[in-house]
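The sequence and structure come next, and the notes follow them.

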Amino acid sequence: MELIYQKWISRSMVLEKVESTLKEDSTFNLSSISYDHYLHKGRCRRGHRVIVASGPATEAPVFATKPLKKDDLIHYFVSGCKPKQKWRIGTEHEKFGFEFETLHPINYKQITSLLNGIALRFDWDKIMEGDNIIGLKKGKQSISLEPGGQLELSGMPLKTLHQTYDEINSHLYQAKTVAEEMGIGFLGLGFQPKWRVEDIPRVPKVRYNIMQNYFHNFGLPGIEPLLMTCSVQVNLDFSSEADMIKKMRASIALQPLAAALFANSPFTEGISNGYRSIRSHKVDQLDKCRTGMIPFVFYDTFGFEQYVDYALDVPMMFVYRNNKYIDCGGMSFRDFMAGKLPAIPGQVPTLSDWENHLTTIFPEVRLKRYMEMRGADGGPLNMLCALPAFWVGLLYDEVSLHNVLDMIADWTPEDMQNMRNKVPITGLRTPFHGRMLLHVAEDVLKWAKDGLDRRCLNESIFLDPLKEVVTTGSTPADKLLKMYNKKWGNNIDHVFRECCY
């Protein structure tokens with residue numbers, strides 16, 4: 001099945017396949033504004049796309065018409081419940097841009113040209129913040145920038161993993177078509193392998209300026225995850241509060257295993273760093289009140305209300321008013337609900353404020369109107385597709401999900417946290433409950449495959465890279481370290497060729 005990743009797919013075929021596949025499903029829109037609308041307005045010309053102003057994730061009134069209550073925040077999560085036939089797969093991945101000639105990270109001027117080029121050639125709408133382009137949007141897809149200039153694709157909610165594969169291929173084709181003409185490549189790793197944090201260009205987004213100022217309070221480790229890391233994640237649905245609880249428990253418990261399987265960040269500042277996933281370690285060093293394994297998920301009282309209580313107590317970073325981000329200085333959302341936020345005294349939040357606040361919380365699994373699996377390093381194309389396959393096979397199949405829940409029934413939060421602490425260094429060789437994590441991975445991967453097979457969509461082929469990892473015991477990080485120590489003669493520059501998309 002490795003041929004699926006090796007065969008050449010022509011550029012036109014990739015684009016046509018994605019569009020034709022998505023058009024088959026009436027729930028998907030290829031553009032947020034129809035082409036008929038552009039024709040009517042006389043603006044459907046290449047290079048003259050509508051500019052989309054930046055703002056909250058969901059449009060809402062600037063001022064609340066009535067104060068939010070805790071029940072409103074709970075209902076926000078309840079409204080995410082969907083019947084199984086409407087469950088979707090949303091994949092996101094980040095990558096580092098670098099100059100072929102110097103291997104240096106690309107700067108914002110280059111990013112501007114890159115995004116403008118993609119928008120012009122492939123008909124994306126621009127997302128602006130003032131005079132600065134900060135992303136692109138087409139229908140339910142978006143291309144955004146992370147604080148250190150990492151390029152992120154946030155994909156559409158799709159029905160199958162085959163659609164996910166096509167979507168990622170289409171995006172990489174578009175990005176590479178423009179980038180290669182500029183002498184730019186993209187690197188599939190979990191952590192910047194060569195340069196120091198001081199060498200990373202900053203993106204001019206006010207939101208990120210506020211976040212960086214906040215995390216400066218935690219020292220250098222606080223801003224490194226913002227500027228120096230790339231991850232791949234999948235967003236999945238739930239049908240009810242009970243279904244959410246089961247999936248949250250299973251996915252939180254297995255995030256360290258995912259971090260081990262996808263470990264792909266063994267280098268820092270040009271040398272081996274002693275970790276298999278330095279990204280996972282650095283993320284764990286962030287503000288403890290907004291990161292980690294959130295052990296309350298395993299309490300008998302856990303549900304939507306308990307997650308609301310958790311999020312209410314995580315310090316705020318900003319609010320968005322009149323097209324501007326306002327620093328909130330770590331104040332509480334509870335104070336905001338009482339009209340006691342010093343930055344905007346007397347004002348109370350909208351649901352858009354709640355959504356924005358939730359995006360500043362970074363647990364191993366993040367709850368919104370869906371769940372985000374956040375534990376894996378960025379990596380090569382086949383691993384970008386393996387991550388959603390792994391979690392869909394486990395969480396979208398009742399038998400596989402209950403196999404996981406049975407396995408973790410006697411795992412304590414302390415057990416899982418200890419595993420989480422060790423995995424960035426020892427990976428699949430981490431001892432756990434009397435055996436190595438590699439052997440746990442063998443069982444879990446089988447359940448994931450069985451879950452995909454029961455979907456009858458021929459999707460288990462996307463687990464082939466993980467099958468190789470488990471069979472050989474060698475993760476992407478292990479393979480890179482072997483090449484670094486032998487084939488490359490400890491010269492990190494070779495990684496830019498090896499891991500370039």
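## Overall fold

Of the contacts between residues at least 6 apart in sequence, 75% join residues at least 24 apart. The model is predicted. Its secondary structure comprises 20 helices and 18 strands. The protein has 501 residues, and 59% of them count as buried.

## Helix α13 and its contact with α4

Helix α13 spans residues 351-358, and helix α4 spans residues 70-78. Their axes come within 11 Å and cross at roughly 65 degrees. The range from 65 to 115 degrees counts as roughly perpendicular, and α4 and α13 are therefore roughly perpendicular to each other. The crossing of α4 past α13 is right-handed.

Which residues make this contact? On the α4 side they are D72, L73, Y76 and F77, and on the α13 side L351, W354, E355 and L358. By class, the residues of the contact of α4 with α13 are six nonpolar, no polar and two charged.

## Helix α13 and its contact with α11

Helix α11 (residues 304-313) also packs with α13, at an angle of about 80 degrees and with the axes 10 Å apart. That angle makes α11 roughly perpendicular to α13. The contact of α11 with α13 has five nonpolar residues, one polar residue and no charged residues.

From α11, the residues V308, A311 and L312 take part, and they meet W354, H357 and L358 in α13. W354 and L358 are also among the α13 residues that meet α4.

## The buried side of helix α15

Helix α15 covers residues 398-407, and its buried residues are S400, L401, V404, L405 and M407. Why do they lie on the same side of α15? They cover an arc of only 165 degrees around the axis, which puts them on the same side of the helix. An α-helix has 3.6 residues a turn, so residues three or four places apart point the same way.

The cover over the buried residues of α15 includes α9 (241-261), α14 (381-395) and α17 (437-453).

## K246 in helix α9

K246 is a residue of helix α9. With a relative accessibility of 25%, K246 counts as partly exposed. Leaving aside neighbours within four places in sequence, K246 is in contact with E398, L401, H402 and L405. Of these, L401 and L405 belong to the buried residues of α15.

F298 is 52 residues away from K246 along the chain, and the C-alpha atoms of K246 and F298 are separated by 9.6 Å.

Helix α10 consists of residues 278-284 and contains S280. The relative accessible area of S280 is 2%, so this residue is buried. Apart from neighbours within four places in sequence, S280 is in contact with A259, D377, R420 and P424.

Not counting residues up to four places away in sequence, H281 touches Y275 and P424. P424 is also one of the contacts of S280. H281 and R420 lie 139 residues apart in sequence, and their C-alpha atoms are 9.0 Å apart in space.

## Loop residues

N107 is located in the loop between β2 (89-99) and α5 (108-122). With a relative accessible area of 33%, N107 is partly exposed. The C-alpha atoms of N107 and P201 are separated by 5.4 Å, while the two residues are 94 residues apart along the chain.

Two further loop residues have positive phi values. N323 has phi near 60 degrees, a positive value in a residue other than glycine. Its place is in the loop between β12 (318-321) and β13 (324-327), and at 62% relative accessibility N323 counts as exposed. C456 is not a glycine either, yet it has a positive phi of about 55 degrees. C456 sits in the loop between α17 and α18 (464-472). The relative accessibility of C456 is 66%, so C456 counts as exposed.

Key
Residues are numbered from 1 along each chain as its sequence is written. This is a predicted model: local features need pLDDT of at least 70, side-chain atom pairs count only at pLDDT 80 or more; totals for chains, interfaces and linings use all residues. Side-chain values use heavy atoms; hydrogens and water are left out. Axes are lines fitted to C-alpha atoms, for helices over the stretch in contact, and angles run from 0 to 180 degrees between N-to-C directions. Helices (H or I, at least four residues) and strands (E, at least two) are DSSP runs, numbered from the N terminus. Angles under 35 degrees count as roughly parallel, over 145 as roughly antiparallel, 65 to 115 as roughly perpendicular and the rest as oblique. A crossing is left-handed if the near helix is turned anticlockwise from the far one by less than a right angle, and right-handed if clockwise. Contact means heavy atoms within 4.5 Å. Ala, Val, Leu, Ile, Met, Phe, Trp, Tyr, Cys and Pro count as nonpolar, Asp, Glu, Lys and Arg as charged, and the others, Gly among them, as polar. Buried means under 20% relative accessible area, exposed over 50%, partly exposed in between (1.4 Å probe, protein chains only). The arc is that of the directions from the helix axis to the C-beta atoms.
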